[in-house]
Amino acid sequence: MPRRRRHGPPSRAASAAPRTRLDIIDAGRGFAIGLMLIYHFAFDLAWLRVLRADFNNDIFWLAFRALIVTLFLGLVGVSLVLAKRAHPGPRHFWRRVALIAGCAVLVTIASYLTFPQTFITFGILHCIALSSILARPLVDFPRLALAVGAAIVALGFTVHLPLFDMPWLNWVGMMTHKPPTEDYVPLFPWLGVALIGIALGAWALPRQRRRLDAASRVTPRSLAWLGRHSLLIYMVHQPVLIGILRVLL
């Protein structure tokens with residue numbers, strides 16, 4: 001007769017398997033989503049001429065948007081570190097990138113139908129997809145990622161050349177003026193933020209893991225839920241917000 005297998009506690013190797021997610025990281029992304037909802041709610045009110053606000057020149061709104069994008073791109077870098085430790089193979093990575101890139105194409109199409117003169121050609125999702133591809137090779141080299149990231153941020157904010165004003169180079173950044181588009185997140189400086197996020201994640205995950213786990217246990221579930229479903233929320237929130245406002249107003 002075949003011997004029955006004993007079902008004991010999981011092995012140390014199995015219990016030490018890396019986790020794909022941390023609630024505290026999801027909560028950070030959820031916090032960014034919450035800020036984005038506030039920003040877009042105000043934007044929609046201005047678009048419907050209920051609120052007077054200058055989103056292109058007002059320092060408050062420019063800083064508010066920069067904070068949101070910084071949170072998203074920085075967490076992209078941290079998440080790349082987590083994801084590669086949990087899924088070293090390329091399949092999981094490319095499946096996620098393909099999903100984000102597909103959603104970016106849908107955003108471009110939808111924005112063209114809504115704002116044909118200022119539709120989105122390289123927004124937050126486009127930047128996240130391409131930055132993920134460019135940054136992933138440096139996940140195993142966090143010090144190099146930090147140095148390159150800092151250089152890209154510095155160049156993105158200080159170097160502005162007419163060469164990059166050409167429409168087909170808008171995605172690079174370093175332009176002399178912002179292109180006419182509803183959302184613009186170029187690689188310079190924002191790829192640099194993702195690379196700095198890699199360095200931060202590579203430093204914090206092994207050294208501060210107990211604190212991160214403890215923080216995850218007390219993280220508000222609502223924020224973690226928003227972070228886990230951030231892509232879906234991003235894709236549906238504007239039609240929902242505009243629909244509600246049109247009904248109410």
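Start with aspartate 26, which counts as buried at 2% relative accessibility; buried is under 20% relative accessible area, exposed is over 50%, and partly exposed is in between, with a 1.4 Å probe and protein chains only. Before going on, this is a predicted model, where local features need pLDDT of at least 70, side-chain atom pairs count only at pLDDT 80 or more, and totals for chains, interfaces and linings use all residues. Residues are numbered from 1 along each chain as its sequence is written, and side-chain values use heavy atoms, with hydrogens and water left out.

What does aspartate 26 pair with? Its side chain meets that of arginine 228 in a salt bridge, 4.0 Å from N to O. A salt bridge here is a side-chain nitrogen of Lys or Arg within 4 Å of a carboxyl oxygen of Asp or Glu. Arginine 228 is in helix α9 and aspartate 26 in helix α2, 202 residues apart, so distant parts of the chain are linked. Helices (H or I, at least four residues) are DSSP runs, numbered from the N terminus.

Arginine 228 also forms a salt bridge with aspartate 23, at 3.4 Å from N to O. This pair again links distant parts of the chain, with aspartate 23 in helix α2 and arginine 228 in helix α9, 205 residues apart. Arginine 228 is partly exposed, at a relative accessible area of 37%, and aspartate 23 is partly exposed as well, at 28%. Asp23, Asp26, Arg29 and Arg228 are linked in a network of salt bridges.

Elsewhere, arginine 65 forms a salt bridge with aspartate 183, and their closest N and O atoms are 3.0 Å apart. Arginine 65 lies in helix α3 and aspartate 183 in the loop between α6 (142-158) and α7 (187-207), so the pair ties together parts that are 118 residues apart in sequence. Arginine 65 is partly exposed at 21%, whereas aspartate 183 is buried at 14%. By this rule the count is five salt bridges.

Now the pocket. How much space lies in the second largest pocket? About 730 Å³, where a volume is the space filled by probe spheres set on grid points joined across faces, edges and corners. A pocket is an open set of points on a 1 Å grid over the protein atoms alone, where a 1.4 Å probe fits, with protein on both sides within 12 Å along at least five of seven lines; lining residues have an atom within 4 Å of a point. Of the 34 lining residues, Arg21, Arg29, Ser79, Arg96 and Ile100 are the closest to the centre of this pocket. Helix α3 gives the most to the lining, with eight residues.

Notes. Helix = DSSP H or I, 4+ residues; strand = E, 2+ residues; numbered from the N terminus.
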